[in-house]
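Here is a friendly walk through one protein model, meant to be read with the structure open beside you. Please have the viewer ready before you start.

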Amino acid sequence: MLKPDYIFESSWEVCNKVGGIYTVLSSRAKTLQEEMKDRILFIGPDFWKKEESPYFKEDSSLFAEWQWEAKEQGLKVRVGRWIIPGEPIAILVDFNPFFEQKNEIYGWLWENYGVDSLHAYGDYDEASMFSYAAALVVESYYNHYLSPQTPHLKVVYHANEWMCGLGALYINAHLPQIGTVFTTHATSIGRSIAGNQKPLYDYLFAYNGDQMAGELNMQSKHSIEKQTALNVDCFTTVSDITANECKELLDKPVDVVLPNGFDNSFVPKGAVFTRKRKAARKRLLEVANALLGEQLDDDTLIVSTSGRYEFRNKGIDVFVEAMNRLLRDKDLKKKVVAFIEVPGWVGEPRKDLQERLQKNNCQFSTPLEVPQVTHWLHNMSHDNVLSMMKYYDMHNRKDEMVKVIFLPCYLDGKDGILNMTYYDIVLGNDLCVYPSYYEPWGYTPLEAVAFKVPCITTDLAGFGLWANSEFGGRYGEIEDGVKVIHRTDYNYSEVADAIKDTIAKFSAMDKKQIDACRKAADNLSKKALWSEFIKYYHEAYDIALRKAEERINKTN
């Protein structure tokens, strides 16, 4: 296998925590950093003009000579360390100066690759200018340090998502000696079809990606994604389910599937784990009791779902449906408090709830007004979660066994109510539920099992399919640590029932059975560590480097 001497990896989410790709890159970085020793360089957008970035530590002594040269070339870069395990080198670039060249850049893209940027809107321009700037950073660094002094060095440029496609195509055209890898974590058109309430899976074979892009006003994003997939040296995605989507919607089969691994170095061990789990449960129940005016004790079953606020794609709708059905389930043996931890259009933390939480060890007998939400939202009357709960008359009444609480904010430790980070909270759950309809991989269930929390997911999530394969091709049950539910375009109701039945079954388990479920979850998570999955990346690098080598040999 050919191994890279240098890897440049660009993503909108380098030192910019906005979604699951941040987790992919930041958890994988430690494994690659150990192998490459500062020869993997991450490139991200520089948003942090006036304030200090919480994810980036600048070091002006790193590549000082090149930094000065880059400045002379009109590149505004900052070099430092990404504050994650492994602390790899990160280069942040200010892409704003390139907006004035936008038309020329898009013209070049059309002439050389047929990419349609005419219908661009929203974040397309921003992402494209960043992608272009990232490619110029690689070109400048490469010319300064790596070429022509060391012509035999093997270099890979890895672009993530359509947002970095333009840069990959630029590298292809201007630095043919660099092997290019492109990873789509979800096709833009597939996500759009699913998000627009259209059946994705039963009709996948019949959809024409270009036609659907026109229908859903996605021409530009789809166009850059498709042309990047067709032109890079190695095209990859994160699961078999998305690989099928790529083949049908982008007309390009992937070269390698790169499943998303996990770095469990920050999962607490032993007594620390036990202490943190107790603290998380205590805090979640304090918030629930203050909001609901209840005295829920530690025997309460704490259940949660989390992720991006994609109401249908992430299965938030079916989660609420399942909780509503659980209200009337005769087999439920314990009280349930279910948290929906999804960032919405949050206004501010509730003052009345904060006041109650400040009264330590105080018990309340009356619920607060609107006892379904911890923070006020800007769009209370149009919020999907609250509207669905209102439609089903779910008002968290005293006599009800199931209470549902919406936590509509990022759990960064500074939300004003829980004031604990997501990773400090997730281990307090008894069960996590992620009934996704559209989920290329699914970090949330992988994170849950890494923290020894059994979870429920579906076979429309890449992680769910992978779990089934680890169970020998059968569907996972909760006793395996992960219950995998079969989901289709049309069986919403059956999925809601399966969630309800699984929670009811779990509520009747004794301590020994629950401990066995938790151990099974922990064991499964160890099979998804980056140390197990990094080999697929080496396969992708090898493909890209061989193609680059062929290209150079031809021109010579």
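The report below goes through the sheets, some helices and a few single residues.

## About the model

This is a predicted model, in which local features need pLDDT of at least 70 and side-chain atom pairs count only at pLDDT 80 or more, while totals for chains, interfaces and linings use all residues. Residues are numbered from 1 along each chain as its sequence is written, and side-chain values use heavy atoms, with hydrogens and water left out.

A word on labels: helices (H or I, at least four residues) and strands (E, at least two) are DSSP runs, numbered from the N terminus.

## The nine-stranded sheet

Let's begin with the open sheet built from nine strands, whose order is S3-S4-S5-S2-S1-S6-S7-S8-S9 and whose pairing is mixed. Two strands pair if DSSP finds at least two bridges between them. The edges are taken by strand S3 (56-58) and strand S9 (256-257); each has a single partner strand, so one side of each is left without a neighbour in the sheet. S3 runs antiparallel to strand S4 (residues 77-82), and three bridges join them. Lys57 has Arg81 in S4 as its bridge partner.

Strand S6 (residues 155-160) is worth a stop. Six of its six residues are buried, where buried means under 20% relative accessible area, exposed means over 50% and partly exposed lies in between (1.4 Å probe, protein chains only). Val155, Tyr157 and Ala159 point one way from S6, while Val156, His158 and Asn160 point the other way. S6 pairs with S1 in the parallel sense over five bridges, and there Phe8 stands opposite Tyr157. The pairing of S6 with S7 is also parallel, over five bridges, with Gly179 in S7 as the bridge partner of Val156.

## Helices around this sheet

Helix H9 (residues 240-249) lies across strand S7 (179-184), strand S8 (234-237) and S9, and runs at about 130° to S8. Axes are lines fitted to C-alpha atoms, for helices over the stretch in contact, and angles run from 0 to 180 degrees between N-to-C directions. Helix H4 (residues 124-146) reaches 32 Å from its first C-alpha to its last, close to the 33 Å expected for its 23 residues at 1.5 Å a residue; that expected span is 1.5 Å times one less than the number of residues. Of those 23 residues in H4, 20 are buried.

How do helix H5 and helix H8 cross, and at roughly what angle? The axes of H5 (residues 165-174) and H8 (residues 219-231) come within 9 Å and cross at roughly 35°. In H5, Gly165, Leu166, Ala168, Leu169 and Asn172 meet Ile224, Gln227, Thr228 and Asn231 of H8, with contact meaning heavy atoms within 4.5 Å. The residues of this contact divide into four nonpolar, five polar and no charged. Here Ala, Val, Leu, Ile, Met, Phe, Trp, Tyr, Cys and Pro count as nonpolar, Asp, Glu, Lys and Arg as charged, and the others, Gly among them, as polar.

## The six-stranded sheet

A second open sheet has six strands in the order S14-S11-S10-S15-S16-S17, with parallel pairing. Strand S14 (402-407) and strand S17 (482-485) stand at its edges, each with a single partner strand, so one side of each is left without a neighbour in the sheet. Direction ignored, neighbouring strands of this sheet are turned by 20° against each other on average.

Six bridges join strand S10 (residues 301-306) to strand S11 (residues 336-341), and Ser304 stands opposite Phe339 in S11. Helix H11 (residues 316-326) packs on the sheet, touching S10, S11, S14 and strand S15 (431-434), and its direction makes about 165° with that of S11.

## Residues to click on

Is Ser11 buried or exposed? Ser11 is buried, with a relative accessible area of 2%, and sits in the loop between strand S1 (6-10) and helix H1 (20-36). The C-alpha atoms of Ser11 and Phe130 are separated by 9.2 Å, although the two are 119 residues apart along the chain.

Lys500, in helix H17 (residues 492-507), counts as buried at 13% relative accessibility. Its contacts, again not counting residues up to four places away in sequence, are Ala322, Arg325, Leu326 and Asp329.
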